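Q: I have this one open on my screen and would like to talk it through with you. Could we begin with the ligand surroundings and then turn to the fold?

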Amino acid sequence: MNQHTLSMRLERVAANVPAGARLADIGSDHGYLPVALMHRGVITAAVAGEVANTPFHAAQRTVRDNRLEPRITVRLADGLAAIEPCDGITAISICGMGGETVRDILERGRAHLSGHERLILQPNGGEQPLRQWLMDNGYSIVHEELLRENRFYYEIIVAERAGPVVYTAEQLYFGPLQMQARSPVFLAKWQRLLSQKRKTLASLARARQAVAEEKMREIARQAKWITALLA
Ligand SMILES: C[S@@+](CC[C@H](N)C(=O)[O-])C[C@H]1O[C@@H](n2cnc3c(N)ncnc32)[C@H](O)[C@@H]1O
């Protein structure tokens, strides 16, 4: 992967960045996503935010080597603190981190959101708490994708603030649009998770630990949902 050839995962993220956007890519690592989108003429400006020194310097190097310093600003900052009002950001990507981490970045950085930005989120697990945050903060899920790359499943959640929205517990768990679309990759993912959950339940039952009771009930509830989904 580099600034010209993105992974399939980042390609699908890139496909959801609107033409002409001013993008903030938070947790940009090497900065490949904003640099690729700038080369392709998709975005007009970008901020690449990084909290850690090594990826921050890597992103600076990628931007410098591609002579894009005037149009892509690299900032060392925690989460949305990389965004300044004068940036006029219209889209924010946060990719390749756990869903809880993405949620915490959004929650801590609420003051930096105008509410008009499109959020393009690619959590690695923890999708349910992330969708819960989106619902609690008035974001509608306008698009969802699921893809498989190198044996891993990746979800992409695109959200826009559009006023109060209510999702059921199952919709928060599976993804409201994915539940409707029922794509083959979606069904395969949940088939695999169901068999993992059944194995976990069997081993917890063997362990017979009182402390595991609550956990067992939660996993059993999820297994019931998945069974109903796949029925
Ligand atoms: C696994 S990499 C993903 C890089 C790229 N976004 C991608 O999807 O390929 C996660 C990056 O997020 C950065 N990161 C984690 N927490 C962050 C935070 N609170 N603010 C900014 N960057 C963060 C890490 O330093 C790391 O470079």
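Q: How do the residues of the shell around the ligand divide into nonpolar, polar and charged?
A: In this predicted model, the shell divides into 8 nonpolar, 6 polar and 3 charged residues, where Ala, Val, Leu, Ile, Met, Phe, Trp, Tyr, Cys and Pro count as nonpolar, Asp, Glu, Lys and Arg as charged, and the others, Gly among them, as polar. Local features need pLDDT of at least 70, side-chain atom pairs count only at pLDDT 80 or more, and totals for chains, interfaces and linings use all residues. Residues are numbered from 1 along each chain as its sequence is written.

Q: Which ones come nearest?
A: Of the 17 residues around the ligand, G27, D29, V51, C95 and G96 come nearest, a residue being near if its C-beta atom, placed from the backbone, lies within 6 Å.

Q: And which element gives the largest share of that shell?
A: That is β4, with 3 residues, strands being DSSP runs of E with at least two residues and helices runs of H or I with at least four, numbered from the N terminus.

Q: Switching to the sheet, what is the strand order?
A: The open sheet of 7 strands runs β3-β2-β1-β4-β5-β7-β6 with mixed pairing, and two strands pair if DSSP finds at least two bridges between them. The edge strands, β3 (72-76) and β6 (139-149), each pair on one side only.

Q: How many bridges join β6 to β7?
A: There are 10, and the two strands run antiparallel, with L146 standing opposite E155 in β7.
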